[in-house]
Amino acid sequence: MIYLDNAATTPVDPEVANVIHEALLENYYNPSSVYQAGKKNKHLINQARQQIKELIHLPKADLYFTSGATEANNWAILSQAKKAKALGYGHHIVATAIEHPSVLEVLKYLETQGFDITYLKPHDLNFSIEQFIAATTPQTIGWVAMLVNNELGARLPIEELGKIAKDHVKWFHVDAVQAFGHGKVDLEALNATSYSASGHKLGAPKGIGFLAYQPWDEKMTLQPLLHGGGQEAGLRSGTENLPYILGLTKAFELANQANLDNVSELASYLMNQLKQKGIQFERNGAHQVPYIVNLYFPNIDASQLLVQTDLANIAISAGSACSAGSLELSHVLSAYYPNDDKRHHQSIRLSFGKQNTKEEIDTFIQQLINLKERTKQLWHSQQPQH
């Protein structure tokens, strides 16, 4: 298969798989056990925790291992929102309208619990600090903004927001999932209170991630989402998944050694080849990272192109793959292009990993050409004969 959907999930890196396999066979002891082998595993977990904090440049944050970013986003937002409200700080939250469903659905739930949410849409394809400030009221307790959008690859101005967030709100959550996997990411420079990450976006398996937490206000203590045996400093119960934790650590280590050269070259090659072949297109969004490319093809239906590429054993996407396999209209495209209905139905996403090649891009473009030719022939066959 030609796999061009790395924003949905990535192949498990062989080095990561080897670390996990070894741990599955040798480090199967419960880290909460009192005997020596269990204590050794607990030490390995704490070692991994510290190593990841150093790799993402958050040495002073608390880092808790989770089942992935969905859990981390739920935990971060629910805990901080409810704690701030309980402390009498307010009940209003400002968030972007392009967040991942694991963020948007939590915010929708909070609306049923007495919270008010303002959803910001981009102005001229951009988000600005002025938008957040203008939407903030004396009742505003938190801001929510993702670092890199999973559908368009748009990078939001998190650094600028982080510089002023503390002056306006009690907490600032950043979904950082799509930022990892292509080189070093310095989260310390962003100055948020919480960050989420998911291992399967950077070469680790599904089912492992983390929440990093560093409150500005000592009263804003993190509250448990899962209750039970008291693992993860009593805040995230459940027997620790040591093999996957070690695999996640290895994945971050490898990601920090990577660079954007290959994916940048692929993105440039894709768009140059489309121009050379005379295929009309526009790249959706603004301030995009090179490894996520969302393209609008006028007069080419996205669902037809997905079928065409799937039959050719090519994996691409029409948006997020995190909504139970649905092909519903993209809320992200709707936010960026509210008055362009055709774009909502005629856009696809390609996302690159280190395994992808120019030859794979060529194969995709040929399928695109084949579909255009068939569509053209069908149109001619349906015209009245004279």
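Residues are called buried under 20% relative accessible area, exposed over 50% and partly exposed in between, with a 1.4 Å probe and protein chains only. The model is predicted; local features need pLDDT of at least 70, side-chain atom pairs count only at pLDDT 80 or more, and totals for chains, interfaces and linings use all residues. Residues are numbered from 1 along each chain as its sequence is written, and side-chain values use heavy atoms, with hydrogens and water left out. Helices (H or I, at least four residues) and strands (E, at least two) are DSSP runs, numbered from the N terminus.

Two loop residues have a positive phi. Histidine 57 is partly exposed, with a relative accessible area of 32%. Its phi is about 60°, although histidine 57 is not a glycine. The residue sits in the loop between helix 2 and strand 2 (62-66). Asparagine 191, also not a glycine, has a positive phi of about 60°. It lies in the loop between strand 6 and strand 7 (194-198). Asparagine 191 is partly exposed, at a relative accessible area of 31%. Most residues other than glycine have a negative phi.

Helix 2 (residues 36-55) packs against helix 7 (residues 242-257) at an angle of about 25°, and their axes are 10 Å apart. Helix 2 is therefore roughly parallel to helix 7, a label for angles under 35 degrees, whereas those over 145 are roughly antiparallel, 65 to 115 roughly perpendicular and the rest oblique. Axes are lines fitted to C-alpha atoms, for helices over the stretch in contact, and angles run from 0 to 180 degrees between N-to-C directions. The crossing of helix 2 and helix 7 is left-handed. Helix 2 contributes Asn41, Leu44, Ile45, Ala48, Gln51, Ile52 and Leu55 to the contact (heavy atoms within 4.5 Å). Residues contributed by helix 7 include Leu242, Ile245, Leu246, Phe252 and Asn256.

Helix 4 (residues 101-111) has buried residues at Pro101, Ser102, Val103, Leu104, Val106, Leu107 and Leu110. Their cover includes helix 3 (69-86), strand 3 (92-96), strand 4 (116-120), strand 5 (140-144), strand 6 (171-175) and helix 10 (331-336). Leucine 120 is found in strand 4. This residue is buried, with a relative accessible area of 8%. Leaving aside neighbours within four places in sequence, leucine 120 contacts Val94, Ala95, Thr96, Ala97, Phe127, Gln131, Phe132 and Ala135. Its C-alpha atom is separated by 20 Å from that of tyrosine 195, 75 residues apart along the chain.

An open sheet is formed by 3 strands in the order 9-10-12, with antiparallel pairing. Strand 9 (282-283) and strand 12 (347-351) stand at the edges, each with a single partner strand, so one side of each lacks a neighbour in the sheet. Two strands pair if DSSP finds at least two bridges between them. Strand 9 and strand 10 (residues 292-296) are joined by 2 bridges. Here glutamate 282 is the bridge partner of tyrosine 296, and arginine 283 that of leucine 295. Strand 10 and strand 12 pair over 5 bridges. Within strand 12, isoleucine 348 is the bridge partner of leucine 295.

Strand 10 is largely enclosed by the rest of the structure, because 5 of its 5 residues are buried. Ile292, Asn294 and Tyr296 point one way, and Val293 and Leu295 the other way. Helix 8 (residues 261-276) lies across strand 9, strand 10 and strand 12, and runs at about 20° to strand 10.

Terms used:
Left-handed = near helix turned anticlockwise from the far one by under 90°.
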